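Please look over the sequence and the structure below before reading on.

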Amino acid sequence: MKECPLPDKPEYAFIGRSNVGKSSLINMLCMHGGLAKTSATPGKTRIINHFLINESWYLVDLPGYGYAKVSKNMRKDFEKTLHNYLKKRENLYCLFVLIDSRIPPQNNDLEFINNLGKMKLPFAIVFTKTDKTTQKQLADNTKAFTKELLKTWEELPHCFYSSAVTKRGREEILEYIASLNFMPILS
Ligand code: GTP
Ligand code: MG
């Protein structure tokens with residue numbers, strides 16, 4: 001946390017299970033393949049990475065949470081980093097929570113989102129890797145996920161569909177960020 005840049009610009013962070021595609025989505029948004037490091041092996045991103053965009057706002061790549069194939073110690077480290085970041089980063093305008101669109105609702109994702117509610121943090125959801133699902137799978141999984149959310153939330157957050165391969169969702173996410181950038185710094 002001590003090495004993060006000053007919290008004087010709007011900041012948008014990407015979070016989700018290890019391997020869900022956070023770093024790939026950042027590269028896709030920036031049209032810059034090698035900006036954030038990606039890997040087929042979960043646990044690639046291990047520190048908080050800030051990318052300054054147009055000298056005026058930040059995209060933030062974070063370590064993932066809760067993937068069974070990441071060692072227990074590494075998971076603990078990542079979770080501590082994330083908790084501190086979420087608790088302390090006062091210029092966090094919106095957190096994008098990435099959910100793998102290929103799989104049915106996972107408890108750790110739902111718990112993570114419910115915890116954001118307790119922390120009163122603004123967030124949106126991005127269903128990732130849509131190039132790897134059929135239309136039906138995508139509809140079934142996203143419907144099941146939003147149904148689970150509505151058990152604890154009165155309203156659904158903004159939901160986006162993305163693919164780092166086809167660039168699906170790029171314009172929608174960037175437009176959403178642009179609309180929030182005009183809001184004054186919170187706190
Ligand atoms: P950690 O840093 O380990 O937490 O992972 P991450 O969430 O940053 O995932 P990353 O972007 O490194 O991607 C993980 C794997 O999924 C890589 O092999 C990517 O090429 C692949 N991937 C990411 N996004 C997509 C996508 O939209 N479509 C497809 N087909 N593959 C993707
Ligand atoms: Mg990563």
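The points below cover the ligand, its surroundings and the domains.

This is a predicted model. The protein is assigned two parts, domain 1 (1-9 + 21-90) and domain 2 (93-166 + 177-182). Both domains give residues to the shell around ligand 1, so the ligand lies between them.

**Where ligand 1 sits**
- The largest pocket is the space that ligand 1 takes up.
- A shell of 22 residues surrounds ligand 1.
- The closest of these residues are Lys22, Ser24, Gly43, Asp131 and Ala164.
- By residue class, the shell around ligand 1 holds 11 polar, 6 charged and 5 nonpolar residues.

**Polar contacts of ligand 1**
- The side chain of Ser23 places a polar atom 2.9 Å from an oxygen atom of ligand 1.
- The side chain of Lys129 has an N or O atom 3.0 Å from an oxygen atom of ligand 1.
- With Val20 the backbone takes part: one of its polar atoms is 3.3 Å from an oxygen atom of ligand 1.
- Ligand 1 exposes 650 Å² when taken alone, and the protein buries 86% of that area.

**The two domains**
- A distance of 17 Å separates the C-alpha centres of domain 1 and domain 2.
- Domain 1 puts 12 residues into the contact between the two, and domain 2 puts in 16 residues.

Methods. Residues numbered from 1 in each chain as written. Chains lettered and ligands numbered in written order. Predicted model: local features only at pLDDT ≥ 70, side-chain atom pairs only at ≥ 80, totals over all residues. Heavy atoms only, no water. Near = heavy atom within 4 Å. Polar contact = N/O pair within 3.5 Å; in protein donor to acceptor, adjacent residues only side chain to side chain. Areas by Shrake-Rupley, 256 points an atom, 1.4 Å probe, with all protein chains shown as cover. 1 Å grid on protein atoms, 1.4 Å probe; cavity = no way out; pocket = protein on both sides within 12 Å on 5 of 7 lines; lining within 4 Å. Sits in = over half its atoms within 2 Å of the grid points. Nonpolar A, V, L, I, M, F, W, Y, C, P; charged D, E, K, R; others polar. Domains from an automatic or database assignment. Contact = heavy atoms within 4.5 Å.
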